[in-house]
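Let's take a friendly walk through this model, starting with its rings and ending with its backbone. Please keep the structure open as you read.

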Amino acid sequence: MASRFFSIVHAAIIEKGELALPKRFVGKFRTELSDVAVITIPNGQVWRVQLREAKGEILFGSGWKDFMDYFPLAIGHFLILRYDGNSRFHIFVCDMSATEIKYPLHSSNVEISSHTSVFSASTTEETDYVENSEILCPCPISRIPLPASRHIPLPAKKERKSRAERETNVFKSQSGNLTFKIVMQPAYVREGRTVVHVPVGFKAFREVDRDIATLRDSEGRTWDVGISTYREKHTKLVTGWSDFVLDNRLEVGDVCIFELIDRDNLQIDVTIMRAQDVV
């Protein structure tokens, strides 16, 4: 029975060249983890990465930096890891638009696996999700098409993206609700009057004749937050957002997942992932 979890690439992962595995995952599979993990990506390439223990955590150590440099991974990339047992992992990489990347062509110094497509497994296989990945996974494994050859798409130098498009994702939760993700930036959590930009792909705020949304946290507390639309298709949360930030002690690097529960009344459940807990 496969297990899946996810990781959002943040600055500490890039700087340290290591990735900590979720504690819940480690608690469940520690006894079968060896000193070396075998990592495969959808184009069939394989890495052997050290698994080491430090300060009570199990991390991808030596070899992980080579894995990151291969793509290369950047802050904001979203990794979906599928564990197949015996220290063998398949990793799928999504960019900041929540779309799976086009993988580089084979490199002569990387091992090639006979598993040319890790999506060949039955989509009905029983899956044990960990670390709430059933809520937060933006690109369902069974729905991602894989072309025969891939390369990393590089944006043109003149291409301009709004801050919301660069820093957020729009997707659907496992329950089918429209959902978006925002990584907290300094401007979103600073003291005083703050606003947060909503991704352009989240259209509900523009399609419903309301100027107030209700945010609800995991404890059932609620906040009414004003909605402001500008330049026709851009939206931001304004009045009331500062209270939400203060009451939840949001900090730079925290990740908020907004799930639209009631479209007509703009009721939204918010899941908060603290920066120190995002692996």
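## Aromatic pairs

Rings of Phe, Tyr and Trp, the last taken by its six-membered ring, pair if their centres lie within 6.5 Å. In this predicted model, the structure holds 22 aromatic pairs. One of them joins phenylalanine 25 and tyrosine 83 edge-to-face, with 5.1 Å from centre to centre and 90° between the planes. This pair links distant parts of the chain: phenylalanine 25 sits in helix H2 (residues 23-29) and tyrosine 83 in strand S6 (residues 78-83), 58 residues apart. Both phenylalanine 25 and tyrosine 83 are buried.

Phenylalanine 25 also pairs with phenylalanine 89, this time tilted, at 5.9 Å centre to centre and 50° between the planes. Because phenylalanine 25 lies in helix H2 and phenylalanine 89 in strand S7, the pair ties together parts that are 64 residues apart in sequence. Phenylalanine 89 is buried, as is phenylalanine 25. These residues belong to one aromatic cluster, whose members include Phe5, Phe25, Trp47, Phe60, Trp64, Tyr83, Phe89 and Tyr103.

A ring elsewhere has a charged neighbour: lysine 236 lies over the face of tyrosine 230, at 5.1 Å from the ring centre.

In soluble globular proteins, nonpolar side chains tend to be buried together. Here, the largest nonpolar core has 42 residues, and Phe60, Trp64 and Phe89 have the most contacts inside it. At least three residues of this core come from each of domain 1 (3-94) and domain 2 (167-273). Another core lies apart from it, with 27 residues, among them Val196, Ala213, Phe244 and Leu266.

What is phenylalanine 60 in contact with, leaving aside its neighbours within four places in sequence? Its partners include Gly17, Leu19, Ala37, Ile39, Leu51, Leu81 and Phe89.

## A buried cysteine

Cysteine 94 lies in strand S7 (residues 88-94). With a relative accessible area of 0%, cysteine 94 is buried. Cysteine 94 and leucine 79 are 15 residues apart in sequence, and their C-alpha atoms are 6.3 Å apart in space.

## Backbone details

Most residues other than glycine have a negative phi, and most peptide bonds are trans. Some places in this model are worth a look with that in mind. A cis peptide bond joins phenylalanine 71 and proline 72, with omega about -5°. Proline 72 lies in the loop between helix H3 (64-70) and S6.

Lysine 55, which is not a glycine, has a positive phi near 55°. This lysine 55 is found in the loop between strand S4 (45-54) and strand S5 (57-60), and its relative accessible area of 87% makes it exposed. Asparagine 86 likewise has a positive phi, of about 55°. Asparagine 86 lies in the loop between S6 and S7 and counts as exposed at 63% relative accessibility.

## Overall picture and confidence

The protein has 8 helices and 17 strands. Of its 279 residues, 49% are buried. Among contacts with a separation of 6 or more, 63% come from residues 24 or more positions apart.

Technical notes
Residues numbered from 1 in each chain as written. Predicted model: local features only at pLDDT ≥ 70, side-chain atom pairs only at ≥ 80, totals over all residues. Heavy atoms only, no water. Core = buried A, V, L, I, M, F, W, Y, C linked by side-chain atoms within 4.5 Å. Buried < 20%, exposed > 50% of the residue type's maximum accessible area, 1.4 Å probe, protein only. Domains from an automatic or database assignment. Contact = heavy atoms within 4.5 Å. Helix = DSSP H or I, 4+ residues; strand = E, 2+ residues; numbered from the N terminus. Phe/Tyr/Trp six-rings, centres within 6.5 Å; stacked < 30°, edge-to-face > 60°. Lys NZ or Arg CZ within 6 Å of the ring centre and 35° of its normal.
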